[in-house]
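I opened the model to look up its chains, its core and a few local features. My notes follow in the order I took them.

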Amino acid sequence: MKFLYDFSILTNSIHQMLAASLSPLWVFIIELVLVGLVFLGFYAILGLFLVYLERRVCAFIQNRLGPNRVGPQGIFQTIADLVKLLFKELFVVRKADKILFNLAPFIVIIASLMAIGAIPYAKGLHAIDLNIGVFYILAVTSLGVVGILLAGWSSNSKYSLLGAMRSGAQIISYELSVGLSLLAVIIFSGSMQLSTIVESQANGWWIFKGHIPAFFAFVIFLIAATAETNRGPFDLAEAESELTAGFHTEYTGIRFAFFFLAEYMNMFLAAALATTVFLGGWMPFHFFDFSGFNYVMDFIPPFVWFFGKTFVVIYIIMLFKWTFPRLRIDQLLTLEWKYLLPLNLLNIIVIAFIVLMGWHF
Amino acid sequence: MVEKREIILGENEPYVINMGPQHPSTHGVLRFELSLKGETVFKVVPHCGYIHRGIEKMCESNTYQQIIHLTDRMDYLSAHPNNEAVSLCVEKALGIEVPERVKVIRTILSELGRLASHQLWWCAFGMDLGALTTFFYGLRDREKILDIFEESFGSRLLHSYICPGGLMNDVHPNFKQRIKDFIPYFRKKLPEYDQLLSGNVIFKERSRGIGMLSLEDAISYGVTGPSGRGSGFSCDIRKSQPYSAYDRVDFKEILFTEGDTYARYRVRIAEMWESMKILEQLVDQIPDGDYTAKMKPIIKLPEGEYYQSVETARGELGVYIVSKGDKFPVRVKFRTPNFSNLFAINHMAVGHKIADLVAISGSLDLVIPDIDR
């Protein structure tokens, strides 16, 4: 299939330029470093931007202005906040398990950093294109819960421990729903490779092509992903009115910032995954056979499409947080095990039947 | 000599958490000592006294005009009824009849204070349940009331405006018009409260059947105010012993019989509608006249014991004054609503989760300085 913007040309030319003058080992090392730097920068900037965005969205919902002093429209506010956090003392509670205490934020942030490399941002614009991309992202993101559990356990604080235990129960439960709702599209597209899933949506996004079950899977994915990222009405792990700040009660300075950034990047990841799998990833929006309209849509660069869709999903997830009260821990688990999981299983059977009969577009 | 010992949590030991004195959802410096089993609360011991200022003792060395200023500091979110309680008690002791204008204005102020207090309660209750947006919606409307207060008395929270004999000074000329503007405004905004929180499925799940308080328990714990009326305890002083201008206004005493957190929530929302009804009836009927009765500069109560209770936004506030004919009282006792309401929490919260404890203490509308005095 031919695409107007193909970034594999760019990446291949960089690769060939390096390969022409260096030995294969050095090419490999330099490419690793380049990709790492690009993703670290991307991660930091996007994380800070998401924090800013959340504050503005929340202010918009709550009848106020939000940050609007530092820089135009206050966009440098989060950078100023980060600088402040960098200069804060790194405080360790007495009798805390120092090694685990220091390790926990890194585990959390590495888990989310590893996952964003596998997302295809445009044709040929991804760090790794594994043939089990969906599986990889699910596996890596669930590592984050280890960090949260460690943080709660090692803090030597009762609130932290309660928060961590809640988080453990919650993330492990909702992992199932996330996986099963993604399975819906894997059945449709017949592949776990994210780039293949995106390209299978060239003639229509799965949320439209897959009849009602795909839409249903999308809704379940949104709910479960919100829960898995410890956000919105499911932020029990850090329920501030109950547990002060939950698992990161005792963290200060940049360690706290790590948890904070990781939370926002997990939200981005959930939204990006929803976009890639259900909303056509970087595919432009095509409307049946209106070739003029479709042609104009093709001209919009794919990463604009990708980020546009992702931010719409992020906005929806943010709306959840600022409008709903928090669930209780037993209600949270009831929702998953009694409602979402059985419905999801049923949904998958329906989808399998649809695919078997070839009823999807 | 302090013995050093290692504390090991055993299987059967309770997991004790100190919730407070610094905690976001105790609304002040209150400490709950929670014994937990996992997430389930099986004992709550409230510890109060962190903000004890000895107001009752201080009253013994202050004149009756000065006591007014101390009462503001008890229930600072609805300060007018506190002032009113002492003023009414002193007036009763002296046998003074205050002018009609004073009575009507006092009633209006009490109801405005009740509205402002319930609005803030609604904000904080939403926050307790994790709905952070409620805070700004409630404060938006509360600001309008505080502006009315500020214009007339120069202060927004601690007014000290109602004093023995009448009012400190006359209300601002804009007072009437401001209230007239506020009522239609808030009539439009109050349904937003329902849209944002009352109808929410998660909110209903979180509050229905949580913190059950039966009528018998409400009476035996002395839970009054909206918290008591949520259990069907008809305890509205405005109805049973009308004071000021409450005998001439038409309003309903809101009663719900469920006795859970949701019932207490609905009582307060319904009370806001009733308060607006009272305001509407009274705002056009403020008679002309003096803003205070003729009072001697030094008030000396005749020897005896006097009691007067009023309905604040949180329940029955009683003032008990013992006088020996001096300009200072011998003993002053405040029966504050929150103190009684607070100690029902162990009864209500046992067997529920921590999150429910927060919801329950939110639904009691605790103001900590009112508990500790």
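**Ground rules.** This is a predicted model; local features need pLDDT of at least 70, side-chain atom pairs count only at pLDDT 80 or more, and totals for chains, interfaces and linings use all residues. Residues are numbered from 1 along each chain as its sequence is written, while chains are lettered from A and ligands numbered from 1 in the order in which they are written.

**Chain A overall.** I looked up the secondary structure and found 15 helices and 0 strands in chain A. Helices (H or I, at least four residues) and strands (E, at least two) are DSSP runs, numbered from the N terminus. The radius of gyration of chain A is 21 Å, close to the 21 Å of the globule rule for 361 residues, so chain A is as compact as a globular protein of that length. That radius is taken over C-alpha atoms, and the rule is 2.2 Å times the number of residues to the power 0.38. The C-alpha trace of chain A spans about 65 × 55 × 45 Å along its principal axes. I read 45% of its 361 residues as buried. Buried means that 20 or more other C-beta atoms lie within 10 Å of the residue's own, exposed means 12 or fewer, and partly exposed is in between; C-beta atoms are placed from the backbone.

**Helix 12 of chain A.** I checked its length next. Helix 12 covers residues 253–278, and its 26 residues should span 38 Å at 1.5 Å a residue; the end C-alpha atoms are 38 Å apart, which agrees. The expected span is 1.5 Å times one less than the number of residues. Is this helix mostly covered, or mostly uncovered? Helix 12 is mostly covered, with 23 of its 26 residues buried. Just after helix 12, A:Gly280 takes a positive phi of about 80°.

**The core.** The largest nonpolar core has 196 residues. Such a core is a set of buried Ala, Val, Leu, Ile, Met, Phe, Trp, Tyr and Cys residues joined through C-beta atoms within 7 Å. A:Val185, A:Phe221, A:Ala274 and A:Phe278 have the most contacts inside this core. Its largest share, 18 residues, comes from helix 12 of chain A. I then listed the partners of A:Val185, leaving out residues up to four places away in sequence; among them are A:Trp206, A:Val277 and A:Phe278. Contact means that two C-beta atoms, placed from the backbone, lie within 7 Å.

**Chain B overall.** Chain B has 15 helices and 8 strands. A compact globule of 373 residues would have a radius of gyration near 21 Å; chain B has 21 Å, which agrees. Its C-alpha atoms fill a box of roughly 70 × 55 × 35 Å along the principal axes. Buried residues make up 51% of chain B.

**Strands of chain B.** I traced two pairings. Strand 6 (residues 304–311) and strand 7 (residues 316–323) run antiparallel, joined by 8 bridges. Strands pair if DSSP finds at least two bridges between them. B:Gln308 has B:Val319 of strand 7 as its bridge partner. The hairpin of strands 6 and 7 has 4 residues between the strands, and B:Gly315 there takes a positive phi near 145°. Strand 7 also runs antiparallel to strand 8 (residues 331–335), with 5 bridges. B:Tyr320 has B:Lys333 of strand 8 as its bridge partner.

**Where the chains touch.** I counted 26 residues of chain B in contact with 21 residues of chain A. Helices 4, 5, 7 and 14 of chain B each give two or more residues to that side of chain B.
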